[in-house]
Amino acid sequence: MNVRIPPIKDIKKAIVLYYTKHEIDNKDIAELFGEEFSFGKLSRMRALVRLQMKEEKTPFFNANAVNTDVAYRVWGFPIEDLERRYAKLKKLKLID
């Protein structure tokens, strides 16, 4: 399944979302990327994650949400990478 995954808008917000939400829903996904999404695009993005969740036997608790850790990995944003990038930006004093 081909789905264009947009870049994350705010690394700090992405890290906070990762650590505060076990599962993310449509609103969270739109906030993460800072875009308006069609229902179809959101569904395709969630479907990619659901396939991986099924493969990993990751349970889900909300039919309209996906596991945050799996989603970040599937979309190409592993939390370790985000944390490393955020720390570097802070070290360079490019963000607060």
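User: Which residues is Tyr72 in contact with, leaving aside its neighbours within four places in sequence?
Analyst: This is a predicted model, to start with. In it, Tyr72 is in contact with Ala14, Leu17, Tyr18, Ile24, Leu32, Phe77, Pro78 and Leu82.

User: And which residues touch the most other members of the largest nonpolar core?
Analyst: Tyr72 is one of them, along with Ile24, Ile29, Leu32, Phe33, Trp75 and Leu82. The core has 25 residues. Helix 1 (11-20), helix 2, helix 3 (39-56), helix 4 (68-74) and helix 5 each give two or more residues to this core.

User: Where does the largest share come from?
Analyst: From helix 3, with five residues.

User: Switching to charges: how many salt bridges are there?
Analyst: The count comes to five. One of them joins the side chains of Asp28 and Lys21, at 3.3 Å from N to O.

User: Is Asp28 buried or exposed?
Analyst: Asp28 is buried, because its relative accessible area is 4%, and buried means under 20%.

User: Which parts does the salt bridge of Glu56 and Arg73 tie together?
Analyst: The two side chains meet at 3.0 Å, N to O. Glu56 lies in helix 3 and Arg73 in helix 4, so the pair ties together parts that are 17 residues apart in sequence. Both are partly exposed, Glu56 at 34% and Arg73 at 38%.

User: What about Arg85, which residue does it pair with?
Analyst: Arg85 forms a salt bridge with Asp81, and the closest N and O atoms are 2.8 Å apart. Both residues lie in helix 5, four residues apart, which is about one turn of the helix. Arg85 is partly exposed, with a relative accessible area of 42%.

User: Which residues do salt bridges with shared partners join into one network?
Analyst: Glu56, Asp69 and Arg73.

User: Last topic, the surface. Which residues make the nonpolar patch of about 280 Å²?
Analyst: Leu92, Leu94 and Ile95 make that patch. Leu92 sits in the segment after helix 5 (79-91), and Leu92 counts as partly exposed at 49% relative accessibility.

Conventions: Residues numbered from 1 in each chain as written. Predicted model: local features only at pLDDT ≥ 70, side-chain atom pairs only at ≥ 80, totals over all residues. Heavy atoms only, no water. Buried < 20%, exposed > 50% of the residue type's maximum accessible area, 1.4 Å probe, protein only. Patch = residues over 30% accessible without salt bridge, like charges linked within 9 Å, V, L, I, M, F, W, Y side chains within 5 Å. Areas by Shrake-Rupley, 256 points an atom, 1.4 Å probe, with all protein chains shown as cover. Salt bridge = Lys/Arg side-chain N within 4 Å of Asp/Glu carboxyl O. Core = buried A, V, L, I, M, F, W, Y, C linked by side-chain atoms within 4.5 Å. Contact = heavy atoms within 4.5 Å.
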